[in-house]
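The following paragraphs lead the reader through a two-chain model, beginning with the contact between its chains.

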Amino acid sequence: MNYLDAILLMCFRIFNGDRSRSAIYHLLTGKKISQTIQDAHLYGISNLFQTMPAMSRSDFDKSCQNIIEQKLILQKEDRHYILTEKGDKSASVFFKNHPFPRCLEGWKYHDRAQIFWKRLSLLVQTLSYTIHGESRFYPVQRDPDIQRWVRSAFQELGPDRKKKTLRLYDELIQLCSDSRFPDNPDFLIQRLTGYEKIGWTAEQLAAHFQIDSAEVHFRFLNILHYVMAEIDNAHKRYPILHSMQQDLLKKQLIFTSSTEKTFQLMASCRSIPKIAKERKLKESTIEDHIIEIALMSPAFAVEEFVPQTLQEKIWKAASNSNNKKMRELKQAVPEASFFQIRLVLVTRGREDGKWKKYYTENSVLHPSEKARKK
Amino acid sequence: MLPTGSGKSLCYQMPSYLLNIQVLIVSPLLSLMQDQVEQIKYRGEKSVIALNSFLPYKEKVQALHNLRQFRFIFISPEMLVLPEVKKALASCLIRLFVVDEAHCISQWGPDFRPDYMLLGEVKKQLGSPVTLALTATATQKIRSDIRTALKLSSPAEWVYSVNRPNIALNVKQIDSFQQKIEILKEYMRTISSPGIVYFSSKRLADELAAEMHQHLDRQIASYHAGLDTEQRILIQQQFLNDQLDWIFATSAFGMGVNKENIRTVIHFHMPSSMESFVQEIGRAGRDGKKSVSILLYLKGDEKITGNLLELENLSLRQINEYKKIRQETVNQKVVEEKAGISEIQYRVLNYFEKHENHKNWEENVFRLMSDRLRERKEQLTQMTFYATSPTCRRRLVIESFNEREFSSKAHCCDVCGLNLEDFSTEDKGAGSAAQSWEKRLARLLLV
């Protein structure tokens, strides 16, 4: 079993046959459709959202085939699978011997972390060449937006460059030496390129540590998401690193264009039927938009659509049953609409995080992950 | 026609500065174009743009709007026929029109690029500026194809010899596939690096690179179109920076790589034509120093390539099928799937659909395709002859380009008595240079 197989087992375990395997593919590649986004939150695995954006469907199917043949998952109905006992055990054993990516926050950080990494790698390269007295080099990032950002950041540093380079060095040392740093810093630092020293590829790191490249990928991403959270929380300790993604925080909420129109109308009107009429769309479509908006904006006020007491009732019912099938919930709370149930589930689900729960269970068994680090 | 590394890009960059003119360069491969642009930027020139499918939409709109301001405009042939691009080009004053890797114009090339055949028309629309077609390898036939396609009536031609006296030519006869791998392993340790090993299979390049990297004390990485951009840039730069001893690559690697000190080029599989072969070995010894080309030949290797050619060929049934399905849908993916044809095959048929108005279209296309197959098989036969004949290999190379005279140094080829030991090395290679992350970070950011 390889790392990707283990991640897939986790997903099958959590969906527990409620969703087809395509839902897992869409989750990992980060397909931005409301079904996938809702599932991610409903089942508490938005952490994994878009963590394998480049995975091809055929690689995914191959991995699925592999765990089916090993009888780790079992087909429940057409293309819906549940974990077998053997599968459950294998996943637990696997994550005893391999680090569990507990810092992943795919939904929250994926885009930001990608841009942050590109900027960081190009800025480090630029500064490294500069302090070694070389102004010409082949940039490791070719994306024009990234190059533009680094160029202006570099110019802003002005004559202070040398001092700032030293400070960036200090910040990176501080970051990686922190006792809470989740993994071996090699997975981050060895990928950096600079003067006369080109960074390692994921494949090369995999060969060096004799692990598979999916593991390198997840461990790198895990570190990156940890870093994002860390510089969010302790931005005073990391002024330079923080400044490298500050503008991304302010970025406006980006909705699909139809949702955007609904969002604008919502500023003056909270009535779904009125908005639907105004937009000449079905009410259910507007409801989908509102769910999307609720997911994207932390400031969204659920109580405007579901009274507080009803929210509690829905949530209690949802917590009682392991299964989050809509129909069952609707029977338990007949006074709530499907829309209200969905809205409560996706917004509450945000703090749920079955993914983390699984990790905590496991880390109780094996708290010494640090000790196993290379 | 200039051999690799002898300054083809100088031929269009210098005139631009001397005469202060705008230059349009058509380049067939995206990665090659990126490399060329990076190299121009590296020397400090900022007025350069690459118009290709990599360019984000926003950037493209902006670039097209300001197109007049660029000194060097690189463009892919597919892009060149788009209406919005044509319109933007009309606002420019292109005084030099360059077609790079011009051998791709020939429809007999392995990677058929129909848009390349429309360049003559494009040239006219640009007001027929001075036109420069560049290539490292083109037989007489291909050179004549280039003249026709670009509508050049009596062009001045500079044809330099394909012979590179500092590259020794060696063919190693092999008895089994297993032995091929064993010998390659041995060469990795004993033959001078840095070097490139060419494979026709991406998977094999990957697997062998991983295995040999692990078991030999050599730095080996694979490079092919399947890697993402960031990894490709890193591998390429590691190689330039002498951090790698060997690159295991498909033919995707090498065109735009300006590395002077490549000592050895090994072919694990036989290329499909003399042109590809000469292109690929030409990446060795750009510094003029002693280098070597080694072709590992296992009897029957040509059959694998031959079978691939047969597979690429279109049957009359497929052509009929294509015609039928095209009447129902214009969706390329659907047509490819339903007619059971590849992307390249689709390109070929699509081109013929637009440009062949024969009464019996299907049969006519089938005949053209069969001609193409025959031509490519002849090229393969020529390549096989190179590997198997007891004739001086250098002579075979230059004769396939219709040259007669050639000079050679002491190290000519195995037929003339070359000793591979002259190319062996005691060198320990680049070494892994693994260091702790703390040291690494200090090395990057502290002086």
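The contact draws 32 residues from chain A and 27 residues from chain B, where two residues are in contact if their C-beta atoms, placed from the backbone, lie within 7 Å. On the side of chain B that touches chain A, the elements giving two or more residues are α2 (30-42), α9 (202-215), α10 (229-240) and α18 (437-445) of chain B. Of these, α10(B) supplies the largest share, seven residues. Helices (H or I, at least four residues) and strands (E, at least two) are DSSP runs, numbered from the N terminus. By class, this side of chain B comprises 13 nonpolar, nine polar and five charged residues; Ala, Val, Leu, Ile, Met, Phe, Trp, Tyr, Cys and Pro count as nonpolar, Asp, Glu, Lys and Arg as charged, and the others, Gly among them, as polar.

The model is predicted: local features need pLDDT of at least 70 and side-chain atom pairs count only at pLDDT 80 or more, whereas totals for chains, interfaces and linings use all residues. Residues are numbered from 1 along each chain as its sequence is written, and chains are lettered from A and ligands numbered from 1 in the order in which they are written.

Chain B contains 18 helices and eleven strands. Its radius of gyration, taken over C-alpha atoms, is 23 Å, close to the 22 Å that the globule rule (2.2 Å times the number of residues to the power 0.38) gives for 447 residues, so chain B is as compact as a globular protein of that length. Among contacts in chain B between residues at least 6 apart in sequence, 76% join residues at least 24 apart.

Chain A is divided into domain 1 (3-97), domain 2 (106-250) and domain 3 (257-354), with bounds from an automatic or database domain assignment. The C-alpha centres of domain 1 and domain 3 of chain A are 26 Å apart.
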